[in-house]
Amino acid sequence: MTFTYPAVIVPHKDDNGFHAEFPDLECCYADGGDLEDTLDAAREAAYDWLFLELEEGGHFPETSHPEDIKVPEGGFVRNIMVRIKLLPDSD
């Protein structure tokens, strides 16, 4: 299964890092020391959020349209794609 959700990326005020937050995935966020680390951490956070949701019943929120997302000054939106491979039960 492939999922794509927008993340709002905002630079840290006191270092070169960034903060990423998913408006559609409640309490799903990540930080990194640079943009590449932040995007990797965001992908991992989204994977964990979606995988847990899949295990608990599979209710996945609708994806927000970019024009509907409030972006703080200096921030931007980046779509994050996550692939979850489902393995058959071995029971």
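Leaving aside its neighbours within four places in sequence, with which residues is L50 in contact? Contact here means heavy atoms within 4.5 Å. On that basis, L50 touches F3, Y5, L25, F60, V82 and I84.

The model is predicted, with local features requiring pLDDT of at least 70 and side-chain atom pairs counted only at pLDDT 80 or more, whereas totals for chains, interfaces and linings use all residues. Residues are numbered from 1 along each chain as its sequence is written, and side-chain values use heavy atoms, with hydrogens and water left out.

**Sheet and helix**

Helices (H or I, at least four residues) and strands (E, at least two) are DSSP runs numbered from the N terminus. Two strands pair if DSSP finds at least two bridges between them. Four strands form an open sheet in the order 3-2-1-4, with antiparallel pairing. Its edges are strand 3 and strand 4, each of which pairs on one side only. Strand 1 and strand 4 are joined in the antiparallel sense over eight bridges; T2, for instance, has R83 in strand 4 as its bridge partner. Helix 1 packs on the sheet and touches strand 1, strand 2, strand 3 and strand 4.

**Nonpolar core**

A nonpolar core is a set of buried (under 20% relative accessible area, 1.4 Å probe, protein chains only) Ala, Val, Leu, Ile, Met, Phe, Trp, Tyr and Cys residues joined through side-chain atoms within 4.5 Å. The largest one has 18 residues, and F22, L25, L50 and I80 have the most contacts inside it.

Helix 1 gives the most, with five residues.

Conventions:
Buried means under 20% relative accessible area, exposed over 50%, partly exposed in between (1.4 Å probe, protein chains only). Axes are lines fitted to C-alpha atoms, for helices over the stretch in contact, and angles run from 0 to 180 degrees between N-to-C directions.
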